[in-house]
Amino acid sequence: MMLDVEIMMRIAREQYVPAAEAAFGASGAQALRNSLTVVRALYGRIEPELITGSLCVVHRVTDGSGRSLPLELSPNPQRFTGVEMLAAAYAAPTRTGMAVIEVLPSGQLDLHVDWEPVDLADLSRGAVVYEYGGGGERFFIGGEEKAIYNPSPGIHASVYAIPTFRTLTAALEDYKIRFVSTSQCPIFAGVWSNETRLILRNKPEETMRQSLTHFLKTVLRSAEVRPEQVVDESHPVDIKVTWLFTTRLALIEIKWVGDALTKEGNLLPYRDARAKEGADQLAGYLDANASQAPTHESIGYLVVIDARRRGLDVGTEQLPISDAMWYADREIEYDPAYHTFRPDFAEPVRMFANPALSACKPD
Amino acid sequence: MWGYSFAVTEEGYPYSPDVQAAVGSLLHHGVLVADPDGFLMVSSGGTEELALLRSLSAFRERDEFIDGACGSTLALPTGTIRDAVAHAPDVRGALRMGQTRLLLTQSGQNLLYDQFAALSQAVGIEVADLMIPAVVWLTYLLEASADEPTPSHAVGV
């Protein structure tokens, strides 16, 4: 990777972190730290997705003498000593409107719910201002709007609310519910042949792997996530996860079941046998791994992306809802059921990917 | 600068035997405590010891660097930071070679100094909070490598 100074200069110019010090010096940097701490703590208690109005966090900047530039956001704010109590007060009805949290020099927090909206860029001439609303988040600093780098745009509502999971099992469960079931992940959304989400496109495996790899890299604490790691001479395992300062290691094999559109325009159906083949494959990887890395505590995870529908033909644009959702709760039975007798084989995780609502018609 | 060696290992992340040994010692003496999942926390005694160490002139200047580096977790998810570090010039080269290799050798430092020179140009040399150049650099590593796969050891487990 060649050094690209232009990219670095652009980041320094456009991003909010350097802007805080550029505008206000050391006071700005400290105000930014305090604001980020409050935002993160707040999102640990409330889901930003539930904010349908807008939320601002405003931190006055001192002028070096210890005094803050005056801000009068509303006459009767509620004052809190910590985020926990404030989050409880910032109830759901409040979230449909516009609320401001002012971070005071004392560290206390004022919650303003009845305030006259002001121009945030103007407000930021004497403050560091964070805003969540309008489908995104941004900072205003020194009179200008500044960008926030989000490694997972379109996946997580806020970069400050990306969950971290201690265990892979918990992370996979979140991925299944939040991203696969709704195809919310922009990467995963690329597995479909069209917007009906009835038929997969040709060879969706790599996209599925990219989606899960990206997700796990972002949300797992203290873990390295690597795609396509060679285990034996036959085939690389889809994802390998290792945890820092431990001997724990996870091998993830991804299989999909459903119907994919081939290059020739036919449907290629994969059903239960494909998932069972994946289980056999993963058992083989674990055996190979045990001999090559005997000191590691290894667990295998079979992830099955379930896109099965009933009654599909090439060109189907709609299905009766009972057919579209026929497999939603139909588990795959494994024989052998490795997870029942191998301590290194976790229970397979089946992730049903819902079709688009528009592709479902009444029975 | 502080004398701790780092290397890229088979697992693909920078590893320091010095840091690992220190963690082990701190666990042994109860300064750090591990929970059932293996995550480390500072004990109350550890907090007191940290305050004492920070007051010593020999370690006081380290605070600024550690604080700046750790401050980057306010702006970026830890997983993203880890991904960015994998694209740091020294680490990236070691991963691509598929070998366990020492980091921060003279040639590795030279690669970093080139980037840090550009970073100084971008954010200035005198900054009040080292979190700022840290976040700019990490963001740069992510953006500059956005179209490339994360380097990794393609070796047997």
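This is a predicted model: local features need pLDDT of at least 70, side-chain atom pairs count only at pLDDT 80 or more; totals for chains, interfaces and linings use all residues.
Colleague: How many residue pairs are in polar contact between chain B and chain A?

Modeller: Ten, with both residues at pLDDT 80 or more. A polar contact is a pair of N or O atoms within 3.5 Å; within protein, one must be able to donate a hydrogen and the other to accept it, and residues adjacent in sequence count only if both atoms are side-chain atoms. Side-chain values use heavy atoms, leaving out hydrogens and water; residues are numbered from 1 along each chain as its sequence is written, with chains lettered from A and ligands numbered from 1 in the order in which they are written.

Colleague: What makes D129(B) and R33(A) a salt bridge?

Modeller: The rule asks for a side-chain nitrogen of Lys or Arg within 4 Å of a carboxyl oxygen of Asp or Glu. D129(B) and R33(A) have N to O at 2.6 Å, so the pair qualifies.

Colleague: Which element gives the most to the side of chain B that touches chain A?

Modeller: That's α7(B), with eleven residues. Helices are DSSP runs (H or I, at least four residues), strands likewise (E, at least two), numbered from the N terminus.

Colleague: Why is E102(A) called buried?

Modeller: Buried means under 20% relative accessible area, exposed over 50%, partly exposed in between (1.4 Å probe, protein chains only). E102(A) has 1% relative accessibility, so it counts as buried. E102(A) also meets R60(A) in a salt bridge, 2.3 Å from N to O. That pair links distant parts of the chain, R60(A) in strand β1 and E102(A) in strand β3, 42 residues apart.

Colleague: Why is R310(A) called partly exposed?

Modeller: R310(A) comes out at 33% relative accessibility, so it falls in the in-between class. R310(A) forms a salt bridge with D323(A), the closest N and O atoms being 2.9 Å apart. D323(A), at 15%, counts as buried.

Colleague: What makes a polar contact with the side chain of S183(A)?

Modeller: The side chain of W192(A), at 2.9 Å.
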